Amino acid sequence: MTAAGLRGWLLRAWVTLVFGFLMLPVVVIALASFSRTSYLTVPPKGLTLRWFGAVLGDPEYVHAIGFSVILALVATLGSLTAGVAASYALIRRRVPGGAAISALLNAPLIFPGVVVGVALLQFYALVHVNGTLGSLVLAHMVITVPYVVRAVMASLQGIDPELEHAARVLGASGPVAFFTVTLPLIRPGIAAGALFSFIVSFDNVPVSIFLLGAGQMTLPVKIFTAIEYGVDPSIAAISTMLIVLTGLGLAAAERWIGFHRFV
Amino acid sequence: MIRGRGWALLLPALVLLLVVFLVPVALMVPTSVRPYVPMVGITSGFTVRYYTRLVTDSYYLEIIGRTLALGSTVTLATLVIGYPVAFFLARTRSRWRNWLTLLVVFPLLLNLVVRTFGWIALLAQNGLVNQALQALGVIQEPLKLLFNFTGLLIALIHIFLPFMVLVLIGPIQNIPRDVEDAARVLGASWLSAFLRVTLPLSAPGILSGSILVFVLTISALVTPRLLGGPTYQVMSTLIYDEFLQRLNWPAGSAEALLLTAMVLALVFLSGILARRTGARA
């Protein structure tokens, strides 16, 4: 074997090992969720779907799933509205201090989630909105809006502004030109931003855990507290469901909008 | 006219970030200097003791040191493990390239609690890693891999490796192959071409990937909490306990502001570094 061939082979071997490492916990959870035992074990002893039934029959889990989905949907809709408008202004309108504004819009990306969480815990208590759904939605919008802005700005940058201009010249009003020309063209960016936003909101623990009011529970916080109480295969079952849904969602996103361009 | 419209479009996002982000974070400053009295609560008055104890008390110094040690070790490990992977993904002409990239993205999109849970199953006393090592005869007694540095390190490397790989792919792709070929033609060995041409040219990616992973590691809450428990603390879990268990919001605010200052200082510093290296290139 030539030296170059050997290097190529070694590189492939390393890449395979790393992919194995990345997938290891995923495989372990999926296997553990089918075990007949009431404790967590891999490889599974026996084969059963009873832990999946246990999760879907548990009203606490069902409620948490519903609450998380609604919260993520509403937060994503809000982030899309605010984020698309802001991205459009930053790319197409000359706004003074544009660089500073886009730095501010992206700040929650690098800001420690736990700091946002505790800051809002105190602030919401101060203005007496703690425990309300609206305040939780706003908190989730803060952490999701950067993802929308990033994806939509990337999409907008690839589109010739003259297209919208042409529509204006041909007599379309500003909003009509935007909604019929520009918006359809940036649909992939909006879809990618929406997907990121949904996932970030749906997965969040460090902000939600400080802000959930009585009767409110998101799925990841529910799993988080369940693990702190003690590990059992029903946690593996709900995790396996999330693994499958995430995988399907990612594959669908790649088929429809070429998701890899937005990561 | 156009300028006015631009502001109107920015208004919702700006108001959101101002009211639900900047103001709440700023309001932690006055809280952090008020004395907390157990059983009474936050009292009026002024104190800097929650700051001074962070830099003098060995309990807090150990937690800060541990957080920074985790940050730098995870950063270095993800760089060493991830660089060859990014290199492969940037250079391969395989038609599976996009799907392989998505395989790196997948763990990133998978719920963090779920990924951490996987590591609990792997690293526990009777977990898969200990079972495998014992079956292979490498160890006799199970290793302690939870609630300590090793376990936290392994899980955090797993969680932040995708970030490093994804950040590195672009800058490696941007290196023209000709430059490497030129070095080889001029007699450089593969290793010296890599060390003296490829690696320096991917410095911008290495810098931004390292800063990102470091910042995310020292901010992580879920994984350190679940794998470290209430006893093996890092800064974010300390803040968590201060606010939810001890209810000492002034101390928690001071700790949160220190963590924020560390993150912002790093991001600021990397900006300066990036401009310097960019100017030199």
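1. In this predicted model, the axes of helix 4 of chain B and helix 8 (residues 149-173) of chain B come within 6 Å of each other and cross at roughly 45°. That angle makes helix 4 of chain B oblique to helix 8 of chain B, and the crossing of these two helices is right-handed.

2. Helix 8 of chain B also packs with helix 5 (residues 97-109) of chain B, at an angle of about 140° and with the axes 9 Å apart. Helix 5 of chain B and helix 8 of chain B are therefore oblique to each other as well, since an angle has to be over 145 degrees to count as roughly antiparallel. The crossing of helix 5 and helix 8 of chain B is left-handed. On the helix 5 side the contacts are made by B:Val104, B:Val105, B:Pro107 and B:Leu108, which meet B:Pro162, B:Val165 and B:Leu166 in helix 8 of chain B.

3. Within chain B, helix 4 (residues 58-91) has the highest confidence, at 97, while the lowest falls in helix 9 (residues 177-185), at a mean of 86. For the complex, the predictor gives an ipTM of 0.91 and a pTM of 0.92.

4. Chain A comes to 12 helices and zero strands, and its C-alpha atoms fill a box of roughly 70 × 70 × 30 Å along the principal axes. Of the 263 residues in chain A, 44% are buried. Among the contacts in chain A between residues at least 6 apart in sequence, 74% join residues at least 24 apart.

5. The largest nonpolar core has 154 residues, and those with the most contacts inside it are A:Leu120 and A:Val142. Which residues does A:Val142 touch, not counting those up to four places away in sequence? A:Val142 touches A:Pro108 and A:Val116 in chain A, and B:Leu16, B:Leu17, B:Val20 and B:Phe21 in chain B.

6. A:Ile238, which lies in helix 12 (residues 233-257) of chain A, counts as buried because it has 28 C-beta neighbours inside 10 Å. Leaving aside neighbours within four places in sequence, A:Ile238 is in contact with A:Val55, A:Tyr61 and A:Ile223. The C-alpha atoms of A:Ile238 and A:Gly53 are separated by 9.9 Å, although these two residues are 185 residues apart along the chain.

7. A:His128 is not a glycine, yet it has a positive phi of about 55°; its place is in the loop between helix 5 (113-126) and helix 6 (133-157) of chain A. Is A:His128 buried or exposed? With 9 C-beta neighbours inside 10 Å, A:His128 counts as exposed, because the limit for that class is 12 or fewer.

8. B:Met39, likewise not a glycine, has a positive phi of about 75° and is found in the loop between strand 1 (36-37) and strand 2 (41-42) of chain B. B:Met39 counts as exposed, with 4 C-beta neighbours inside 10 Å.

Definitions and conventions:
Residues numbered from 1 in each chain as written. Chains lettered and ligands numbered in written order. Predicted model: local features only at pLDDT ≥ 70, side-chain atom pairs only at ≥ 80, totals over all residues. Core = buried A, V, L, I, M, F, W, Y, C linked by C-beta atoms within 7 Å. Buried ≥ 20, exposed ≤ 12 C-beta atoms within 10 Å, placed from the backbone. Contact = placed C-beta atoms within 7 Å. pLDDT = per-residue confidence, 0-100. Helix = DSSP H or I, 4+ residues; strand = E, 2+ residues; numbered from the N terminus. Axes fitted to C-alpha atoms, helices over the stretch in contact; angles between N-to-C directions. Parallel < 35°, antiparallel > 145°, perpendicular 65-115°, else oblique. Left-handed = near helix turned anticlockwise from the far one by under 90°.
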